[in-house]
Amino acid sequence: RGGSGDGVEDPYAAKKTACEVRKVGDRNWRRFASLADADGVFPGLSRRCIGKLIKNTAGALAPQHIRERYEARNAVDGDDAPTRVHGPNGELACEVRRVGDKE
């Protein structure tokens with residue numbers, strides 16, 4: 001059972017879900033085998049905050065200063081296209097292409 005020591009269960013402690021993290025504005029995502037592997041790699045970014053960035057649930061958001069600096073998502077296999085990516089203020093990013101366009 002993982003936790004932060006504050007008596008609150010850490011729902012991400014037991015999961016081995018791969019994730020990707022990057023600083024806001026960076027082009028490339030950094031991939032980790034689990035949230036625990038990503039814990040502490042970026043200054044001030046814990047696995048609990050990474051989980052909150054991924055979930056982006058109202059009322060349980062990562063702190064504002066974390067949302068302004070980092071983005072996180074569940075790892076995507078294949079073409080590196082995110083299933084959903086939220087910006088620092090919670091807005092949903094969108095990419096549109098014409099059929100046949102590569103970039």
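How many bridges join S1 to S2, and do the two strands run parallel or antiparallel? Three bridges join them, and the pair runs antiparallel. Keep in mind that this is a predicted model.

## The sheet

Let's start with the overall layout. Three strands make up an open sheet, ordered S2-S1-S3, with antiparallel pairing. Out at the edges sit strand S2 (30-32) and S3, each of which pairs on one side only. On average, neighbouring strands here are turned by 25 degrees against each other, direction ignored.

S3 (residues 70-74) has four of its five residues buried, so the strand is largely enclosed by the rest of the structure. Helix H2 (residues 47-55) lies across S1 and S3, and runs at about 75 degrees to S3.

## Arginine 22

Now for a residue worth a look: arginine 22, which is found in strand S1 (residues 19-23). Arginine 22 counts as buried because its relative accessibility is 15%, and the cut-off for buried is under 20%.

The side chains of arginine 22 and glutamate 71 are joined by a polar contact of 2.7 Å. A polar atom of the arginine 22 side chain also lies 3.1 Å from the backbone oxygen of arginine 27.

Terms used:
Residues numbered from 1 in each chain as written. Predicted model: local features only at pLDDT ≥ 70, side-chain atom pairs only at ≥ 80, totals over all residues. Heavy atoms only, no water. Buried < 20%, exposed > 50% of the residue type's maximum accessible area, 1.4 Å probe, protein only. Polar contact = N/O pair within 3.5 Å; in protein donor to acceptor, adjacent residues only side chain to side chain. Pairing = 2+ DSSP bridges. Axes fitted to C-alpha atoms, helices over the stretch in contact; angles between N-to-C directions. Contact = heavy atoms within 4.5 Å.
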